[in-house]
Amino acid sequence: MKKTLIIITAALFIIVGFILMSGPGSTAEAFCPDIFSTRRIVIAPALCLAGYLLMMVGILWRK
Amino acid sequence: MQQKVFSLIDTLTGWLVFVIAAVIYCLTVEPTASLWDCPEFISCGYKLEIGHPPGAPFYMLVANLFSQLASDPSQVAWMINILSALLSAGCILFLFWTITLLTRHLYGCHETYTLPQVIVIEACGVVGALAYTFSDTFWFSAVESEVYAFSSFLTALVFWLILHWEEEADHPQSDRWLILTAYIIGLSVGVHLLCLLCLPAMVLVVYGHKTQRLTWWSAFKALLVGGILLAVVLYMLIPGVLLLGSWMELLFVNVMHLPYQSGLICTVILLFAVILFALMKAKRRVIKTSLQCLFFFLVGLSSYAVIIIRSSAQPPMDENSPDHVFALRSYMSREQYGETPLLYGPAYCSELDYEPQGDYQVAKMREGAPIYQRSSNPSEQRYEVVRRQQHYVYRDNMWFPRMHSQLHANAYEQWMGGVTKKNGVPTISENWRFFWSYQVCHMYWRYFLWNFVGRQNNIKGNGEVEHGNWITGVRLIDDILLGCDTAHLPSDLSSNKGRNVYYAIPLLMGLLGGYWQWRRGTRGRRQLAVVLTLFIMTGLAIVVYLNQPPQPPRERDYVYVGSFYAFSIWIGMGVGAVDAIVRRLIRCPSWAAAVSALLGLLIPLQMVSQTWDDHDRSGRYACRDFGHNYLESMQREGHPIILTNGDNDTFPLWYNHEVEGQRLDTRDCNLSYVQTDWYIDQMRRPAYDSPPLPIHWRREDYQDGNNEVVPIRPALKQQVLDFYRDEPEEAKRKFGEEPFELKNILHHWVMSDHPELKVIPTDSVTITTGDEQMVISLAGRQMLYKKDLVVLEMLSHGDWSRPIYASISLGPDEVPYLSDHLSLEGMAYRIVPTSGGRRVDVERTYENVMHRFRYGGLSRRGLYVDDDILYTAHTHQYVMAILIDSLLEQGDTQRALAVADKWQRELPSYNVPYTESALSLARCYYVTGRTQEADAIVENLLRRSHEWLTWLQTIKSSRSAGSAYSFQRWSQIMQGALTLAQIYHRDHLLKDKSNESSI
């Protein structure tokens, strides 16, 4: 049970990370400085990475 | 000794080796970006932008975390380099544990160990791991931000994991190790595909465990299964997921009118749901485990979402713009690099197949898959087919074509010294001769031997006697190998830091270790098969797969690190073999073990004594500063644009922009990318403070497949003139006021909707600004590529307030039509309207060289300057030489002297040896009366050219052709130095060399 819980948490981390990474982009009219905001290039990737690493813990967790 | 104690010793020794490797790598790491792809990877990690195909999303995530630890942007590169250093040390750690685990089995140790056994097992691990730590190729990628360090770490990890699984295989929960392995392999795709090559060796481990004995037949079967598994993952699983995603995306977006990405997201959800459902229904353990492996492999692969998400944000660096599943497919399958035929296909000299079409014969084409892009109309959400892939059909094909690339036709002929052909393709024996002599020996065994026998120097080699060969360090042998007298090498070569000799001892040790493993019973033979499989899959198999043509831009040894890893396992086991020998001489087993351990340790120690100096990159800021100098060569007003070309010309500029935030008002436009529509899209967007580039075309004008090449037809010129004379009104309405004004030609001809008008009807076009007229001659050219059209389009508006520069290293073939309009301002030429050949803007160049340029710490003694940095440093000297000459011409000796002193201070000869450019330096000192310094330079050039010319004459005639360039170059330098000495009456210099110059 705990094993499944860890894996689900890890998956959530990854998915939330991807969602936080998304947002509007630059266009031909204007450069969008928000594409390099803290949310999108600091917090989001850190969350994803945490999820990927946690997934290893989940896989190795004994039932 | 009990198992517990042994495990403790083994763990601690492993970490000790890790610490040694980590400390050494951290001490020698480059403090900023390195050349080649490193600046690109650093920018991608720091800001999550998109690098070259097939991308490295998982690497980006980890690098991003490390970049957050930097105190300010200038430290980001260092932190990401440290990541490589630590991962490489991690690779060493797992190599150590792999060796000790294997050796332990060879001794049949179970639960109890004797002291000599422990000593030998640990010594095997230490010697093998440290030998790999200090080997040339691995160390190279351990101290820079490349994916190879990470990929090596993952390879070592999964290889160790599978061995670890074997240990516990009978345990009910051992499957988790297999699942973890599958997960990590999935993640590794987001770093580099190399890790997948472990699969066959891993299948062999599993198979060997199940059957417990290995016959030739069972090994063959296991390898077949492993090969099929690899092919399934590489060619079916990964592309299959993407194919499914692209079908769903078409269905959802084009048919059901749902938003972009909805189909892809649904595919992912569906895929995981189906596997989970199957998992719940599955009964048998094998199927359950396989499904779990598949599930977690796909979880690992999901890191590719980073690529799509970040590409959708349209960052300034967005290579191939993979923001939808169709683009991602071509990105991940590396379509940009073209197809390499493996089994059957055309040779470089194959003729195209033609078919009649009306009165003409046209090249036969095979239509491939459709290429989808998003609709260029933003109000409409749908994918459109822009064109179908086209492949030429060749008349002559052959099996296993090794000489396939038409772009390299001359290179093949040159390497082979002429190729015999039959039926339009090289004969079978010629094909194999190339495969063996170039691909196998030159591009694989040479690198292998660099690492374990010795390396001649760090100069890129194409088979010449003086460049980058493998050597033994034993003069007698090297004389025969190279066909020259190696006792009288020119000092430039003998003092080259890339010269490393190990007298073939690591090689012999490895062979001994492999033999010893072979002789240790069934277990040993099984192990040998596994390690050998890893060795071949990560070495020779890559050689076959890459099918490389000659004259690559750089040495490719880093691709084969995996096989050097496998060989290091055998080097470690060599200690076991040595121990078996020493035991015959020393009775006491403990003493024998200790002696063999010490003997073994001498190998890595000898290796590090050779490799330290050419891997210590501390204090080196050349890549960052040279990129900075390109940007600073541009004026500060008007948001300038710089045209660049190769990797080392572009990536350092990106690094300066993206990471350090330097000169964000400028824009780099890479000419090799600007042939593509995605790059033109990016150039038409603003980036930071740089407004869009002046490319005022409709999207369909430059869309993939449109205006790729436009022919030049000067014959039409007269017709056009006649038309303007006979019907001026009609002509002006149709083709614009002035017939040969560039703007009109691009608008009314090239971008016209009538296909028959898509030509350039003249060989000379004009750009008119006010009263000024710039004339660009296209004489002698048959056609213009899209990239030329982009450059001309930007110039055609005649807006000289936004200057366009061409980087100094842009080859003469790149923009030949502009060669009359270039003005040197530092590391870049400004494109100017007035013609008059290449000229120098003395004031701007002086300002840049003296005050704005930085010189990468090259003034520091003991710095390691490799061949690529030396090249760019010499380009800086070349610019300084031109500046000195121009200043002397103006009679401005004071400023000429200031430049000369700057040169001596910033790029001193102990780091950047004098070349022909230094003649200007010497002249400057003679003119200003500082004869002593001038004499020193001339003397240096005379001495070195004498050394070179004398040595080059010892090369035996069959191999001397490759050295013709060196001979010519140093003869010219000697001639130049002698002439200078003559002009300034330096008789003593002439007298010293009078006998020698007779050469």
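1. Nonpolar core. In this predicted model, the largest nonpolar core has 337 residues. Y25(B), Y59(B), I776(B) and L818(B) have the most contacts inside it. Helix α4 of chain B, residues 76–106, gives the most to this core, with 20 residues. As a general point, nonpolar side chains tend to be buried together in soluble globular proteins.

2. I776(B) in detail. What does I776(B) touch, once neighbours within four places in sequence are left aside? Its contacts include D763(B), S764(B), V765(B) and I767(B). Also among them are L792(B), L795(B), Y817(B) and H821(B). I776(B) is in contact with L818(B) too, and L818(B) is another of the residues with the most contacts inside the core.

3. N431(B). This residue sits in helix α16 of chain B, which spans residues 428–452. Is N431(B) buried or exposed? Its relative accessibility is 2%. The cut-off for buried is under 20%, so N431(B) counts as buried. The side chain of N431(B) reaches the backbone oxygen of F400(B) at 2.8 Å. Leaving out residues up to four places away in sequence, N431(B) touches M398(B), W399(B), F400(B), P401(B), R402(B) and M403(B).

4. Interface of chain B and chain A. The two chains bury about 2,800 Å² between them. Carbon and sulfur atoms account for 71% of that area. Chain B brings 39 residues to the contact, and chain A brings 27 residues. How many salt bridges does the rule find across the interface? It finds zero between chain B and chain A. Polar contacts are present: eight residue pairs, both at pLDDT 80 or more.

5. Five helices of chain B each supply at least two residues to the side that touches chain A: α2 (38–47), α3 (57–68), α8 (175–189), α12 (285–301) and α13 (305–312). By class, this side has 23 nonpolar, nine polar and seven charged residues.

6. Helix α35 of chain B. This helix covers residues 918–927. Eight of its 10 residues are buried, so the helix is largely enclosed by the rest of the structure. The buried residues are A918(B), L919(B), S920(B), L921(B), A922(B), C924(B), Y925(B) and Y926(B). G929(B) follows α35(B) and has a positive phi, near 80°.

Key
Residues are numbered from 1 along each chain as its sequence is written. Chains are lettered from A and ligands numbered from 1 in the order in which they are written. This is a predicted model: local features need pLDDT of at least 70, side-chain atom pairs count only at pLDDT 80 or more; totals for chains, interfaces and linings use all residues. Side-chain values use heavy atoms; hydrogens and water are left out. A nonpolar core is a set of buried Ala, Val, Leu, Ile, Met, Phe, Trp, Tyr and Cys residues joined through side-chain atoms within 4.5 Å. Buried means under 20% relative accessible area, exposed over 50%, partly exposed in between (1.4 Å probe, protein chains only). Helices (H or I, at least four residues) and strands (E, at least two) are DSSP runs, numbered from the N terminus. Contact means heavy atoms within 4.5 Å. A polar contact is a pair of N or O atoms within 3.5 Å; within protein, one must be able to donate a hydrogen and the other to accept it, and residues adjacent in sequence count only if both atoms are side-chain atoms. Buried area is the accessible area (1.4 Å probe) that two parts lose on being put together, summed over both. A salt bridge is a side-chain nitrogen of Lys or Arg within 4 Å of a carboxyl oxygen of Asp or Glu. Ala, Val, Leu, Ile, Met, Phe, Trp, Tyr, Cys and Pro count as nonpolar, Asp, Glu, Lys and Arg as charged, and the others, Gly among them, as polar.
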